[in-house]
Amino acid sequence: MRQHYPETHYKLNKTIDLSKLSEEERWRIEHQRLHEKHRGHEAMHAEMVLILLVTLGIAQIILMQWKKRHFKSYQRATLIGMWLIPVLFSIKYHWVRFIIIWLIFSIITAYVTFRATRKPLTGTTPRLVYKWFLSVYKLSYAVGIIGYVIIMFTLFGFNIFLQTKIQVAMDLGLLVLFYGLYFGVVGRDFAEVCSDTMAAHIGFYTTTGLPTKTLEQNMCAVCGNDILVMNNENAIIEKTCKLTCNHIFHEFCIRGWCIVGKKQTCPYCKEKVDLKRMFPGPWEKPHILFGSLLDWIRYMIVWQPVIIVVVQGINWVMGLE
């Protein structure tokens, strides 16, 4: 039978030992205390909501103009935020598992990024870079799918067969989904930075002008290595991909360039790349769609917390609780 407590019990913490109550009763009492604390503050709450909406609108305009006019600085600031903000929250709340995984990812990525920014660029570096980031991308894609499946199974009640509470199963699904989305986004952003740097060092790709080097017929413009590799008297032929502009690349390199590095132009002549034509297989299309989904995650992880902090600062200055 549902228990009822006098009103005075809701106001005084000493009259009720919340640790001895059920989770439902404890939540009900705390909810009642919250209502009593904020009773009569309707005008203040309306003002806080207005501040939040106005700040969100102004922030959207500023971010859009920043991205449009100074994309490089916007990209770097977003990458730094994506890399640091979640781990700062993890340190604050003692989420050890995330910190360990983040450290492993950061150490390996730092080494790969270091290799990608060296001059002169060794012939094996582009392959190493794309191999690492493509592996991160595929793993994050798989982890994200697993998290989504767990959430959907929980919504349909399949957790009952595993004798798992719905809250536990949902928390697990959301956690796994977050891991997939977060490392997918950070990996793609670091891959784009490395792609720009390597392409500039190789000399076949520039952001504004013509290539600084002439592309030889048997050379891949992504990695700078020969497409047909002679090994003593034998020739080693890798799988290649020919774009509509008739330039030929290693299939592994152009996949990394387009899907992982988010470059949808020819690395040499900048002609638009048709991803659907390049990767017609049904198993490739989900990877392209997943890459587009990751672009939406940045705002939620990086700029949303920043906007919330700004709103809280405005409320504090104006004396609003």
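This is a predicted model: local features need pLDDT of at least 70, side-chain atom pairs count only at pLDDT 80 or more; totals for chains, interfaces and linings use all residues.
Q: How do you know what confidence the predictor assigns to the chain and to helix α5?
A: The protein chain averages a pLDDT of 76, and 71% of the residues score at least 70. Helix α5 has the highest mean pLDDT among the elements, 93.

Q: Why is α5 called roughly antiparallel to α6?
A: Helix α5 (residues 96-116) packs against helix α6 (residues 125-155) at an angle of about 150°, and the axes are 9 Å apart. Angles over 145 degrees count as roughly antiparallel, so α5 is described in that way relative to α6. The crossing of this pair is left-handed.

Q: What makes up the contact of α5 with α6, by residue class?
A: On the α5 side are Phe 105, Ile 108, Thr 109, Tyr 111, Val 112, Arg 115 and Ala 116; they meet Thr 125, Leu 128, Val 129, Trp 132, Phe 133 and Val 136 in α6. These residues divide into ten nonpolar, two polar and one charged. Arg counts as charged, so Arg 115 is the charged residue here.

Q: Why are α4 and α5 described as roughly antiparallel to each other?
A: Helix α4 (residues 71-93) and α5 also pack at an angle of about 150°, with axes 9 Å apart. The cut-off is an angle over 145 degrees, and α4 and α5 are therefore roughly antiparallel. Their crossing is left-handed.

Q: Which residues of α4 and α5 meet?
A: Trp 83, Leu 84, Pro 86, Val 87, Ser 90 and Ile 91 in α4 meet Phe 98, Ile 99, Trp 102 and Ser 106 in α5. By class, this contact has eight nonpolar, two polar and no charged residues.

Q: How do you know where the transmembrane regions are placed, and what the model shows over residues 76-93 and 168-186?
A: An unreviewed UniProt entry lists residues 43-64, 76-93, 99-118, 139-162, 168-186 and 296-318. In the model, residues 76-93 are 100% helix and 0% strand, with end C-alpha atoms 26 Å apart. Residues 168-186 are likewise 100% helix and 0% strand, and their end C-alpha atoms lie 27 Å apart.

Note on methods. Residues are numbered from 1 along each chain as its sequence is written. Side-chain values use heavy atoms; hydrogens and water are left out. Axes are lines fitted to C-alpha atoms, for helices over the stretch in contact, and angles run from 0 to 180 degrees between N-to-C directions. Helices (H or I, at least four residues) and strands (E, at least two) are DSSP runs, numbered from the N terminus. Angles under 35 degrees count as roughly parallel, over 145 as roughly antiparallel, 65 to 115 as roughly perpendicular and the rest as oblique. A crossing is left-handed if the near helix is turned anticlockwise from the far one by less than a right angle, and right-handed if clockwise. Contact means heavy atoms within 4.5 Å. UniProt positions are given in the numbering used here, feature names are shortened, and annotations may be inferred rather than shown by experiment. pLDDT is the predictor's confidence in each residue, from 0 to 100.
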